[in-house]
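Open the model in your viewer and keep the sequence panel beside it. The tour below goes from one selection to the next and says what is there.

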Amino acid sequence: MPDLEILLKRQSSSDGTTDIEQLYQTILTTFEDTLLILVSKDLYKLQLLREMIIWMNKETKYLQERVMNIISRVLKYSSRKIKGCTSIDAPCMGQLAAELAILCNSQEIQIVIQASLAIYYLLSIVKYQNEELCGLLMMELERSGNCPNSVLFENDFMPSTFQRNNAVIAKYVGEYLPPHLLNDFVFGLLKKLCHPPSKTANQAATLLKLVLEDYGSKVTRAAKIVDYIHKKLNIESPHILKRALLRIVALLTRSFPQKVVFQLLDYMFPVDKSVLQMWQAVSSETDPSPIVLKTILIVLKGKPGEVEGSPPQKRFSLDDTNMMPVTAAQALCTLLPVPEYKKAAAQFFPELLIALILQLHYNSEMKLKKVDDQCFAQKALRLLLKSSGLQQVDSALQKKDCWHQFSNLIFHHYGVYIIAKTLSEYKFPQFPETLHYLYKLSLEGPRRTEDSVTTVIFLIELLNNFFKDPFPEEFLALFRTWVNDPNPTVSKLSLQKIATMSSVINKVSHVRDLILCVLNSFPSKDKTVTIQAMNTLRRLLAEMDKVTYSTLCVQIAFSYFPLMDHAMPSIRAMAIRHFGELLKEMNQYTWMLKPIVLKALVPLILFLEDAEINVIKACKYTLNICAPYFKWSSLPVLQDEFYNFEVVVLSICNSLFNNYGNYITEIICSALVYLKSSKAYLRKGAVILVGYLAKLGTHLLFKDEIDIMLKAMEKVLSDEDPSVKRMANFTYILFKEVSNEVTDNSLKQIFRRLCHFHHFKDMTLLYKYRGRKCSDSCCDLDEYKIQHIEAENEKFSK
């Protein structure tokens, strides 16, 4: 179109003006003809009509009424042309409808009339475009004789009904436009709302409100609309515009609460002011409050800093992490004070409670900076307590300085304990739902470490306050499972709880399963779990019925053997001492425990040379308890603080051969295993013990057994420790001498073993080894003292 201002300057007379208008009419007529040709070939070209309206709104001097007339006529032509078409490609209809809907409220009545006609024909096309009606319309066309001049179909509206009637426009646009076109319609109005003039913006706001109220569920691009509004709210704009935009957010929340919530939670932390304003808009819609809280809860159960599909140990910077759980807690701070959301929160109290407690831990772990000296998870948790009628609990937690515990990861578990204990003290009415949720949570699959610990702490405290022992079997089954949990903290907590059941252990229906689960935790990689397991077992056994105890004592005793050689001295000492306690408590069942005592004898002897005094004391204690099994009252040689290890070995070996010669082979095999030990004192002790066993038991050994002993000792001949090497050489020679004394496996040799004749030998100390625990003065013993020790030993043996 030629520029109007330039033409007016050239022709200022009235005749000239008439010529200019005529020129414009001619151009527009040509344009209309061109449009009709284009549209007749491709309805996609209707997009040009929208561009024409945009141009018309900018260039208001160019015959707007004529332009609108062209648009309505082109749409009328298109509505007739589509008859017989099986498919229609006109994706611009939603955007074009938005432009026409605004023009239906124009101040110029002629524009209103033409715009109403245009939107009438547009909706007629859209109605035909609906795939569900297409087959029926084709049948109707066939029955009508396919007359070109007949009306394509009858609408339930007239063009005049759209004139300055936003309610009618919203009704039929919302009803007729399919979701993808309605999305375009809403976006078109949204852009009109955010740009001048104000009259247009007001009309767009009204139309948007009407459409979203009744047909918001058809708008599928809610998240994109929310994001567009967020960008506009960050720009300085009039208060009326902001209010209109926030109202749209509220209406979208009514139809698509999940999409709106996820979009708002996806904004980078810390969120800006506009996001907080949108959360306030969300809170104004009360009907979808349960869905909103449930959606927030889903996010709140996540861990900040974790990216989906990434290794759990990988750490990221805050800019790159998923901070949605933090913004979810911040959102709760806005929502929970709203009365309707308080009611909705009651449905999710246990889930929200545990999730927020975990968020306190994660926030401390990530060392997030607090906003106004208060983290959102803490503020949301306090709001949850207050909104749930637990104001007294909140006040009590304040007095107990509970929230300070969560600021430090070391005291986080204590903070969880305080919350659970305080809730129990005030008999919180949500106890049944909370207990049910914790039980359900416990039955679920693998969880994060912190989730498991918090669940166990909370559950234990609730059970302590609301149930008397023994607590229900369902929960006892959980603790039996947790004993062997990969998380050592969970394992220890469950073991501690099981230990408290010692007073009622005889009332538990599945005592055997309970004891076995404790025994299964003995080999734990975490040393503290092993220690706790042994302490728990001792507390249970001390109160257990002796008959039940006797059915388990053999299995329990065997479970101590691996721990007697544990790398940690305190565990070695506990295992040895607890084994002695078991023998003392089960002294009426010596006939059943004899084989076990003989099996344990080797480590009890060898660890007398341990570097830790507690291990030595435990060995002495247990060996004296074992005395009745070997038919001695006690070991006098162990009474002296500076006992001689070699004398102890000789004394025990004499007793063994006099009473239990049948077990010679088993004892030797157990001792040979320690020749491979990484500890020099164990290798040395094993060499001495095997040497005496071989020397005293010559008459009970077979040739092939001695050959095995020789091969085992050969590997120690090159030991890195000089004293071990020296004793190994001596013992190897001793084995050779024994081998020479022993004949082949003759009937006589077999008869001796079977009959087990007493065989006495006058023995002197072979190795002159004083032991690691001899004092300096002991090492300087004169020959008289050595003879005295040997005499005492001989007397004891007889």
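Begin with two helices, α9 and α11 (residues 222-233), whose axes come within 11 Å and cross at roughly 5 degrees. That angle makes α9 roughly parallel to α11, since angles under 35 degrees count as such. Keep in mind throughout that this is a predicted model.

Now show the side chains where the two helices touch. From α9, select Val186, Phe187, Leu190 and Lys191; they meet Lys224, Ile225, Tyr228 and Ile229 in α11. By class, this contact of α9 with α11 has six nonpolar residues, no polar ones and two charged ones.

Stay on α9, which covers residues 179-193, and select Phe185. Is Phe185 buried or exposed? Its relative accessibility is 0%, so Phe185 counts as buried. Next select Gly94, which is 91 residues away from Phe185 along the chain; the C-alpha atoms of the two are separated by 4.4 Å. Neighbours within four places in sequence aside, the contacts of Phe185 also include Gln95, Ala97, Ala98, Ala101, Val173, Leu177 and Val211.

Which residues of α10 meet α12? They are Ala205, Leu208, Lys209, Leu212 and Glu213, and on the α12 side you will find Ala244, Arg247, Ile248, Leu251, Leu252, Arg254 and Ser255. The contact of α10 with α12 divides into seven nonpolar, one polar and four charged residues.

Move on to α24, residues 449-466. This helix has 18 residues and reaches 26 Å from its first C-alpha to its last, close to the 26 Å expected at 1.5 Å a residue. Of those 18 residues, 14 are buried, so α24 is largely enclosed by the rest of the structure.

Pick Thr454 in α24. Thr454 counts as buried because its relative accessibility is 0%. Leaving out neighbours within four places in sequence, Thr454 is in contact with Ile357, Leu358, His412 and Val416. Phe458 and Leu75 have the most contacts inside the largest nonpolar core, a set of 269 residues. In soluble globular proteins, nonpolar side chains tend to be buried together.

- Pro270 is in the loop between α13 (257-265) and α14 (273-283). The peptide bond from Phe269 to Pro270 is cis, with omega near -5 degrees.
- Arg164 is in the loop between α7 (131-143) and α8 (166-176). Although not a glycine, Arg164 has a positive phi of about 50 degrees. With a relative accessible area of 45%, Arg164 is partly exposed.
- Lys427 is in the loop between α22 (412-425) and α23 (431-443). Lys427 also has a positive phi of about 50 degrees without being a glycine. At 55% relative accessibility, Lys427 counts as exposed.

Finally, zoom out to the whole protein. How many helices and strands are there? The protein has 40 helices and zero strands. Buried residues make up 53% of its 798 residues. Among contacts with a separation of 6 or more, 74% join residues 24 or more positions apart.

How values were computed
Residues are numbered from 1 along each chain as its sequence is written. This is a predicted model: local features need pLDDT of at least 70, side-chain atom pairs count only at pLDDT 80 or more; totals for chains, interfaces and linings use all residues. Side-chain values use heavy atoms; hydrogens and water are left out. Contact means heavy atoms within 4.5 Å. Helices (H or I, at least four residues) and strands (E, at least two) are DSSP runs, numbered from the N terminus. Ala, Val, Leu, Ile, Met, Phe, Trp, Tyr, Cys and Pro count as nonpolar, Asp, Glu, Lys and Arg as charged, and the others, Gly among them, as polar. A nonpolar core is a set of buried Ala, Val, Leu, Ile, Met, Phe, Trp, Tyr and Cys residues joined through side-chain atoms within 4.5 Å. Buried means under 20% relative accessible area, exposed over 50%, partly exposed in between (1.4 Å probe, protein chains only). The expected span of a helix is 1.5 Å times one less than its number of residues. Axes are lines fitted to C-alpha atoms, for helices over the stretch in contact, and angles run from 0 to 180 degrees between N-to-C directions. Angles under 35 degrees count as roughly parallel, over 145 as roughly antiparallel, 65 to 115 as roughly perpendicular and the rest as oblique.
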